[in-house]
Amino acid sequence: MIVKDESAVLSRCLACAARFADEIIVVDTGSADDSKDIASRLGARVYDFEWCDDFSAARNYSFSLASSDYIMWLDADDMVEESDACLIRALVEGGGFDVAMLRYVSGNLCYCRERILRRSMNFVWQGAVHEVISPRGKVVYSDAKIVHKKEKSGDSLRNLIIYQRQIARGISLDERQKFYYGRELFYNSMYRQAAAVLEEFLRGGGWVVNKAEACRTLYFCYKRTGENNRARASLTRAFLYLAPRAQDCCILASEFLDDGRLDCAEYWYRRALDAPERVEEGGFVDGDYSAFIPYIGLAVVCDKRGDYAAAYGWNERAGAIKPDDASYIHNKQYLFQLLKNGN
(Lines give C-alpha, C1' and ligand atoms only; values in the text may rest on other atoms or scores of the structure.)
Protein backbone atom coordinates (compact mmCIF):
# COMPACT_ATOMS: atom_id res chain seq x y z
CA MET A 1 0.00 0.00 0.00
CA ILE A 2 0.99 3.61 -0.51
CA VAL A 3 -0.72 6.08 1.80
CA LYS A 4 -0.85 9.73 2.76
CA ASP A 5 -3.07 11.11 5.54
CA GLU A 6 -5.37 8.10 5.61
CA SER A 7 -5.92 7.76 9.36
CA ALA A 8 -9.71 7.79 8.92
CA VAL A 9 -9.78 4.56 6.90
CA LEU A 10 -6.42 2.87 7.31
CA SER A 11 -7.39 0.66 10.27
CA ARG A 12 -10.37 -0.64 8.34
CA CYS A 13 -8.28 -1.53 5.30
CA LEU A 14 -5.48 -3.15 7.30
CA ALA A 15 -8.01 -5.28 9.19
CA CYS A 16 -9.23 -6.54 5.81
CA ALA A 17 -5.70 -7.24 4.58
CA ALA A 18 -4.83 -9.15 7.75
CA ARG A 19 -7.39 -11.80 6.76
CA PHE A 20 -5.24 -13.04 3.89
CA ALA A 21 -1.84 -11.30 3.82
CA ASP A 22 1.40 -12.92 5.02
CA GLU A 23 3.03 -9.50 5.24
CA ILE A 24 1.68 -5.97 5.01
CA ILE A 25 3.84 -3.17 3.67
CA VAL A 26 2.77 0.45 4.01
CA VAL A 27 4.76 3.11 2.14
CA ASP A 28 3.97 6.58 3.44
CA THR A 29 4.36 9.45 0.97
CA GLY A 30 4.29 12.32 3.48
CA SER A 31 1.45 11.97 5.98
CA ALA A 32 0.85 14.78 8.47
CA ASP A 33 -1.60 12.66 10.50
CA ASP A 34 -0.94 9.47 12.47
CA SER A 35 -1.21 7.07 9.51
CA LYS A 36 2.27 5.68 10.12
CA ASP A 37 1.58 5.04 13.81
CA ILE A 38 -1.68 3.26 12.98
CA ALA A 39 0.03 1.06 10.41
CA SER A 40 2.87 0.16 12.80
CA ARG A 41 0.48 -0.59 15.64
CA LEU A 42 -1.49 -2.96 13.41
CA GLY A 43 1.58 -4.94 12.39
CA ALA A 44 2.52 -3.41 9.04
CA ARG A 45 6.09 -2.75 7.98
CA VAL A 46 6.20 1.01 7.41
CA TYR A 47 8.56 2.87 5.07
CA ASP A 48 8.88 6.44 3.88
CA PHE A 49 8.94 7.60 0.27
CA GLU A 50 9.63 11.18 -0.74
CA TRP A 51 6.75 12.22 -2.96
CA CYS A 52 7.78 13.12 -6.52
CA ASP A 53 4.44 13.53 -8.35
CA ASP A 54 4.64 9.94 -9.57
CA PHE A 55 2.32 7.23 -8.26
CA SER A 56 4.14 4.53 -10.24
CA ALA A 57 7.45 5.41 -8.58
CA ALA A 58 5.85 5.03 -5.16
CA ARG A 59 4.15 1.75 -6.04
CA ASN A 60 7.31 0.32 -7.60
CA TYR A 61 9.17 1.15 -4.39
CA SER A 62 6.48 -0.62 -2.36
CA PHE A 63 6.73 -3.69 -4.59
CA SER A 64 10.50 -3.76 -4.16
CA LEU A 65 10.01 -4.29 -0.43
CA ALA A 66 7.82 -7.39 -0.77
CA SER A 67 9.23 -10.85 -0.07
CA SER A 68 6.31 -13.23 -0.69
CA ASP A 69 5.73 -15.15 -3.93
CA TYR A 70 2.73 -12.99 -4.79
CA ILE A 71 2.12 -9.28 -4.27
CA MET A 72 -1.33 -7.77 -3.87
CA TRP A 73 -1.93 -4.04 -3.69
CA LEU A 74 -4.71 -2.08 -2.00
CA ASP A 75 -5.58 1.57 -1.51
CA ALA A 76 -6.39 2.80 1.99
CA ASP A 77 -10.08 3.31 1.20
CA ASP A 78 -10.48 -0.22 -0.17
CA MET A 79 -12.38 -2.93 1.68
CA VAL A 80 -12.41 -6.73 1.35
CA GLU A 81 -15.29 -8.74 2.77
CA GLU A 82 -14.59 -11.98 4.63
CA SER A 83 -15.96 -14.13 1.80
CA ASP A 84 -13.74 -12.36 -0.73
CA ALA A 85 -10.73 -12.69 1.57
CA CYS A 86 -11.28 -16.45 1.55
CA LEU A 87 -11.38 -16.45 -2.25
CA ILE A 88 -8.15 -14.48 -2.39
CA ARG A 89 -6.38 -16.80 0.04
CA ALA A 90 -7.51 -19.90 -1.86
CA LEU A 91 -6.43 -18.35 -5.16
CA VAL A 92 -2.93 -17.58 -3.94
CA GLU A 93 -2.49 -20.93 -2.20
CA GLY A 94 -3.43 -22.65 -5.45
CA GLY A 95 -0.87 -20.55 -7.36
CA GLY A 96 -0.04 -21.34 -10.96
CA PHE A 97 -0.73 -17.85 -12.31
CA ASP A 98 1.22 -14.67 -12.98
CA VAL A 99 -1.56 -12.09 -12.79
CA ALA A 100 -4.93 -12.29 -11.06
CA MET A 101 -7.59 -9.84 -12.18
CA LEU A 102 -10.08 -9.01 -9.40
CA ARG A 103 -13.32 -7.08 -9.60
CA TYR A 104 -13.15 -3.52 -8.30
CA VAL A 105 -16.50 -2.14 -7.16
CA SER A 106 -17.08 1.57 -6.59
CA GLY A 107 -20.74 2.48 -6.16
CA ASN A 108 -22.54 1.28 -9.29
CA LEU A 109 -19.28 0.94 -11.22
CA CYS A 110 -17.46 -2.33 -11.60
CA TYR A 111 -14.30 -3.16 -13.53
CA CYS A 112 -11.38 -5.59 -13.41
CA ARG A 113 -7.90 -4.66 -12.29
CA GLU A 114 -4.56 -6.42 -12.01
CA ARG A 115 -4.52 -6.97 -8.23
CA ILE A 116 -2.29 -9.96 -7.49
CA LEU A 117 1.03 -10.41 -9.29
CA ARG A 118 3.81 -12.97 -9.17
CA ARG A 119 6.83 -11.23 -7.66
CA SER A 120 9.39 -13.15 -9.76
CA MET A 121 7.87 -11.67 -12.95
CA ASN A 122 9.25 -8.25 -11.92
CA PHE A 123 6.20 -6.29 -13.01
CA VAL A 124 6.68 -2.54 -13.28
CA TRP A 125 4.07 0.15 -12.68
CA GLN A 126 3.81 2.75 -15.43
CA GLY A 127 2.22 6.20 -15.54
CA ALA A 128 2.64 9.04 -13.08
CA VAL A 129 -1.16 9.14 -12.62
CA HIS A 130 -3.73 6.38 -13.12
CA GLU A 131 -0.81 4.01 -12.89
CA VAL A 132 -1.08 0.54 -14.38
CA ILE A 133 0.76 -2.73 -14.81
CA SER A 134 0.54 -4.40 -18.21
CA PRO A 135 -0.46 -8.04 -17.58
CA ARG A 136 1.66 -10.79 -19.11
CA GLY A 137 2.17 -14.48 -18.53
CA LYS A 138 -0.75 -16.54 -17.28
CA VAL A 139 -3.68 -14.26 -16.42
CA VAL A 140 -6.62 -15.51 -14.40
CA TYR A 141 -9.90 -13.86 -13.42
CA SER A 142 -11.31 -14.19 -9.93
CA ASP A 143 -14.79 -13.48 -8.59
CA ALA A 144 -13.22 -11.87 -5.53
CA LYS A 145 -14.17 -8.21 -5.11
CA ILE A 146 -12.38 -5.17 -3.78
CA VAL A 147 -14.86 -2.52 -2.65
CA HIS A 148 -13.80 1.11 -2.91
CA LYS A 149 -15.42 3.05 -0.07
CA LYS A 150 -14.19 6.61 -0.06
CA GLU A 151 -14.79 8.53 3.18
CA LYS A 152 -13.35 11.92 2.24
CA SER A 153 -13.37 14.12 -0.83
CA GLY A 154 -10.08 14.20 -2.64
CA ASP A 155 -8.31 17.04 -4.39
CA SER A 156 -10.01 17.20 -7.78
CA LEU A 157 -7.07 19.11 -9.26
CA ARG A 158 -4.30 16.80 -8.00
CA ASN A 159 -4.09 14.48 -11.00
CA LEU A 160 -4.62 17.30 -13.49
CA ILE A 161 -1.78 19.30 -11.97
CA ILE A 162 0.57 16.30 -12.16
CA TYR A 163 -0.23 15.86 -15.86
CA GLN A 164 0.28 19.54 -16.57
CA ARG A 165 3.60 19.58 -14.74
CA GLN A 166 4.74 16.67 -16.86
CA ILE A 167 3.72 18.47 -20.05
CA ALA A 168 5.48 21.65 -18.88
CA ARG A 169 8.68 19.61 -18.42
CA GLY A 170 8.42 18.37 -21.99
CA ILE A 171 7.30 14.85 -21.13
CA SER A 172 5.12 13.33 -23.87
CA LEU A 173 2.03 11.49 -22.68
CA ASP A 174 1.53 8.03 -24.11
CA GLU A 175 -1.85 7.10 -25.57
CA ARG A 176 -3.26 5.78 -22.31
CA GLN A 177 -2.15 8.87 -20.41
CA LYS A 178 -3.72 11.12 -23.07
CA PHE A 179 -7.02 9.35 -22.47
CA TYR A 180 -6.84 9.91 -18.71
CA TYR A 181 -5.58 13.46 -19.09
CA GLY A 182 -8.64 14.23 -21.21
CA ARG A 183 -10.87 12.71 -18.52
CA GLU A 184 -9.21 14.78 -15.79
CA LEU A 185 -9.87 17.92 -17.83
CA PHE A 186 -13.50 16.84 -18.16
CA TYR A 187 -13.87 16.16 -14.43
CA ASN A 188 -12.64 19.69 -13.78
CA SER A 189 -15.21 21.22 -16.18
CA MET A 190 -12.60 22.17 -18.79
CA TYR A 191 -14.79 20.80 -21.55
CA ARG A 192 -13.24 22.35 -24.65
CA GLN A 193 -9.73 21.42 -23.55
CA ALA A 194 -10.91 17.91 -22.71
CA ALA A 195 -12.53 17.53 -26.13
CA ALA A 196 -9.34 18.61 -27.89
CA VAL A 197 -7.23 16.07 -25.97
CA LEU A 198 -9.70 13.23 -26.46
CA GLU A 199 -10.08 13.96 -30.18
CA GLU A 200 -6.29 13.77 -30.48
CA PHE A 201 -6.35 10.48 -28.55
CA LEU A 202 -8.91 9.04 -30.98
CA ARG A 203 -6.68 9.91 -33.93
CA GLY A 204 -3.83 7.85 -32.48
CA GLY A 205 -3.40 4.34 -31.15
CA GLY A 206 -4.63 3.00 -27.86
CA TRP A 207 -6.90 0.38 -26.36
CA VAL A 208 -10.29 0.07 -28.05
CA VAL A 209 -12.09 0.07 -24.69
CA ASN A 210 -10.52 3.44 -23.90
CA LYS A 211 -11.46 4.63 -27.38
CA ALA A 212 -15.12 3.78 -26.80
CA GLU A 213 -15.11 5.46 -23.40
CA ALA A 214 -13.42 8.52 -24.90
CA CYS A 215 -16.34 8.81 -27.33
CA ARG A 216 -18.79 8.74 -24.44
CA THR A 217 -16.82 11.40 -22.56
CA LEU A 218 -16.79 13.51 -25.73
CA TYR A 219 -20.58 13.22 -25.82
CA PHE A 220 -20.77 14.84 -22.38
CA CYS A 221 -18.14 17.47 -23.31
CA TYR A 222 -20.10 18.58 -26.35
CA LYS A 223 -23.40 18.54 -24.46
CA ARG A 224 -21.87 20.89 -21.90
CA THR A 225 -20.73 23.25 -24.65
CA GLY A 226 -24.10 23.20 -26.42
CA GLU A 227 -22.87 21.26 -29.46
CA ASN A 228 -25.69 18.72 -29.48
CA ASN A 229 -25.13 17.34 -32.98
CA ARG A 230 -21.46 16.70 -32.27
CA ALA A 231 -22.44 15.13 -28.96
CA ARG A 232 -24.74 12.57 -30.56
CA ALA A 233 -22.23 11.85 -33.32
CA SER A 234 -19.53 11.24 -30.71
CA LEU A 235 -21.73 8.77 -28.86
CA THR A 236 -22.49 6.65 -31.92
CA ARG A 237 -18.81 6.85 -32.90
CA ALA A 238 -18.17 4.52 -29.96
CA PHE A 239 -19.84 1.75 -31.96
CA LEU A 240 -16.87 1.80 -34.34
CA TYR A 241 -14.72 0.36 -31.56
CA LEU A 242 -17.03 -1.92 -29.55
CA ALA A 243 -20.47 -3.42 -29.84
CA PRO A 244 -22.97 -1.00 -28.25
CA ARG A 245 -22.74 -1.01 -24.47
CA ALA A 246 -25.76 -0.64 -22.25
CA GLN A 247 -24.83 2.84 -21.06
CA ASP A 248 -24.41 4.16 -24.60
CA CYS A 249 -27.74 2.59 -25.60
CA CYS A 250 -29.52 4.29 -22.69
CA ILE A 251 -27.97 7.67 -23.41
CA LEU A 252 -28.96 7.40 -27.06
CA ALA A 253 -32.47 6.32 -26.05
CA SER A 254 -32.82 9.37 -23.80
CA GLU A 255 -31.81 11.60 -26.72
CA PHE A 256 -34.62 10.17 -28.84
CA LEU A 257 -37.01 10.38 -25.89
CA ASP A 258 -36.25 14.09 -25.56
CA ASP A 259 -36.98 14.47 -29.29
CA GLY A 260 -40.33 12.71 -28.91
CA ARG A 261 -39.19 9.85 -31.15
CA LEU A 262 -40.68 7.10 -29.03
CA ASP A 263 -40.07 4.16 -31.39
CA CYS A 264 -36.34 4.96 -31.51
CA ALA A 265 -36.20 5.46 -27.76
CA GLU A 266 -37.88 2.09 -27.19
CA TYR A 267 -35.49 0.40 -29.63
CA TRP A 268 -32.38 1.62 -27.81
CA TYR A 269 -33.71 0.93 -24.32
CA ARG A 270 -34.40 -2.64 -25.45
CA ARG A 271 -30.90 -2.88 -26.90
CA ALA A 272 -29.55 -1.86 -23.49
CA LEU A 273 -31.37 -4.83 -21.97
CA ASP A 274 -29.82 -7.07 -24.64
CA ALA A 275 -26.28 -5.69 -24.39
CA PRO A 276 -23.92 -8.08 -22.58
CA GLU A 277 -21.77 -6.27 -20.03
CA ARG A 278 -18.68 -8.45 -19.74
CA VAL A 279 -16.54 -6.89 -17.03
CA GLU A 280 -13.63 -9.07 -18.12
CA GLU A 281 -13.41 -7.14 -21.40
CA GLY A 282 -12.18 -4.14 -19.44
CA GLY A 283 -13.49 -0.66 -18.93
CA PHE A 284 -16.07 0.61 -16.49
CA VAL A 285 -19.46 -1.07 -16.24
CA ASP A 286 -22.36 0.66 -14.50
CA GLY A 287 -24.90 -2.04 -13.69
CA ASP A 288 -27.83 0.38 -13.53
CA TYR A 289 -27.71 0.80 -17.31
CA SER A 290 -28.19 -2.93 -17.90
CA ALA A 291 -31.62 -3.15 -16.26
CA PHE A 292 -32.88 -0.46 -13.89
CA ILE A 293 -32.45 2.55 -16.19
CA PRO A 294 -33.87 0.91 -19.34
CA TYR A 295 -36.83 -0.38 -17.31
CA ILE A 296 -37.56 3.15 -16.13
CA GLY A 297 -37.03 4.46 -19.67
CA LEU A 298 -39.46 1.96 -21.15
CA ALA A 299 -42.00 2.90 -18.49
CA VAL A 300 -41.70 6.53 -19.60
CA VAL A 301 -42.06 5.57 -23.28
CA CYS A 302 -45.24 3.59 -22.57
CA ASP A 303 -46.61 6.40 -20.41
CA LYS A 304 -46.13 8.90 -23.24
CA ARG A 305 -48.03 6.54 -25.54
CA GLY A 306 -50.86 6.32 -23.06
CA ASP A 307 -50.24 2.62 -22.40
CA TYR A 308 -50.31 2.95 -18.62
CA ALA A 309 -50.62 -0.75 -17.86
CA ALA A 310 -47.43 -1.50 -19.78
CA ALA A 311 -45.73 1.48 -18.15
CA TYR A 312 -46.72 0.16 -14.73
CA GLY A 313 -45.26 -3.24 -15.61
CA TRP A 314 -41.91 -1.84 -16.68
CA ASN A 315 -41.76 0.35 -13.59
CA GLU A 316 -42.41 -2.66 -11.37
CA ARG A 317 -39.43 -4.40 -12.96
CA ALA A 318 -37.31 -1.41 -11.99
CA GLY A 319 -38.75 -1.52 -8.48
CA ALA A 320 -37.74 -5.15 -8.08
CA ILE A 321 -34.15 -3.95 -8.44
CA LYS A 322 -34.36 -0.70 -6.44
CA PRO A 323 -37.52 -0.66 -4.34
CA ASP A 324 -36.47 2.49 -2.47
CA ASP A 325 -35.59 4.55 -5.53
CA ALA A 326 -37.44 7.88 -5.66
CA SER A 327 -38.18 7.69 -9.40
CA TYR A 328 -39.69 4.22 -9.06
CA ILE A 329 -41.86 5.26 -6.11
CA HIS A 330 -43.05 8.42 -7.89
CA ASN A 331 -43.90 6.49 -11.06
CA LYS A 332 -45.71 3.80 -9.10
CA GLN A 333 -47.96 6.33 -7.35
CA TYR A 334 -48.61 8.28 -10.55
CA LEU A 335 -49.39 5.22 -12.69
CA PHE A 336 -51.45 3.52 -10.00
CA GLN A 337 -53.69 6.56 -9.79
CA LEU A 338 -54.15 6.65 -13.57
CA LEU A 339 -55.06 2.97 -13.69
CA LYS A 340 -57.37 3.34 -10.69
CA ASN A 341 -59.23 6.08 -12.56
CA GLY A 342 -59.72 3.76 -15.51
CA ASN A 343 -57.06 5.16 -17.85
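**Buried charges and helix packing**

User: Asp248 counts as buried at 2% relative accessibility in this predicted model; which helix does Asp248 lie in?

Analyst: The 2% relative accessibility of Asp248 is under the 20% limit that defines a buried residue. Beyond its neighbours within four places in sequence, Asp248 is in contact with Arg216, Leu235, Ala238 and Phe239. The helix that holds Asp248 is α10.

User: Is Glu255 buried or exposed?

Analyst: Glu255 is also found in helix α10, which covers residues 246-258. Outside the four places on either side in sequence, Glu255 is in contact with Tyr219, Lys223 and Arg232. Its relative accessibility is 7%, and because residues under 20% are classed as buried, Glu255 is buried.

User: At what distance does the side chain of Glu255 make a polar contact with that of Arg232?

Analyst: The side chain of Glu255 takes part in a polar contact with the side chain of Lys223, at 3.0 Å. A polar contact also joins the side chains of Glu255 and Arg232, and its length is 2.7 Å.

User: How are helices α8 and α10 oriented, roughly parallel or roughly antiparallel?

Analyst: Helix α8, made up of residues 208-224, packs with α10 so that the axes are 11 Å apart and the angle is about 30 degrees. Because angles under 35 degrees are classed as roughly parallel, α8 and α10 are roughly parallel.

User: How many charged residues are there in the contact of α8 with α10?

Analyst: On the α8 side the contact is formed by Arg216, Tyr219, Phe220 and Lys223, and on the α10 side by Gln247, Asp248, Ile251 and Glu255. The crossing of these two helices is left-handed. By class, the contact of α8 with α10 has 3 nonpolar residues and 1 polar residue, and the number of charged residues is 4.

User: How are α12 and α13 oriented, roughly parallel or roughly antiparallel?

Analyst: Helix α12 spans residues 292-305 and helix α13 spans residues 308-321, and their axes come within 8 Å and cross at roughly 165 degrees. Because angles over 145 degrees are classed as roughly antiparallel, α12 and α13 are roughly antiparallel.

User: How many nonpolar residues are there in the contact of α12 with α13?

Analyst: Residues of α12 including Phe292, Tyr295 and Cys302 meet residues of α13, among them Trp314, Ala318 and Ile321. The contact of α12 with α13 has 1 polar and 2 charged residues, while its nonpolar residues number 12.

User: What relative accessibility does Phe63 have?

Analyst: Phe63 sits in helix α3, which runs over residues 55-64. Setting aside neighbours within four places in sequence, Phe63 is in contact with Ile71, Trp73, Leu117, Trp125 and Ile133. Phe63 counts as buried, because its value is under the 20% cut-off, at a relative accessibility of 11%.

User: What is the phi of Asn122?

Analyst: Asn122 is found in the loop between β7 (109-118) and β8 (139-148), and Asn122 is exposed, with a relative accessible area of 58%. Although Asn122 is not a glycine, its phi is positive, at about 55 degrees.

User: Where is Ser189, which also has a positive phi?

Analyst: The phi of Ser189 is near 65 degrees, a positive value in a residue other than glycine. With a relative accessible area of 45%, Ser189 is partly exposed. The place of Ser189 is in the loop between α6 (175-187) and α7 (191-203).

Notes:
Residues numbered from 1 in each chain as written. Predicted model: local features only at pLDDT ≥ 70, side-chain atom pairs only at ≥ 80, totals over all residues. Heavy atoms only, no water. Axes fitted to C-alpha atoms, helices over the stretch in contact; angles between N-to-C directions. Helix = DSSP H or I, 4+ residues; strand = E, 2+ residues; numbered from the N terminus. Parallel < 35°, antiparallel > 145°, perpendicular 65-115°, else oblique. Contact = heavy atoms within 4.5 Å. Nonpolar A, V, L, I, M, F, W, Y, C, P; charged D, E, K, R; others polar. Buried < 20%, exposed > 50% of the residue type's maximum accessible area, 1.4 Å probe, protein only. Polar contact = N/O pair within 3.5 Å; in protein donor to acceptor, adjacent residues only side chain to side chain. Left-handed = near helix turned anticlockwise from the far one by under 90°.
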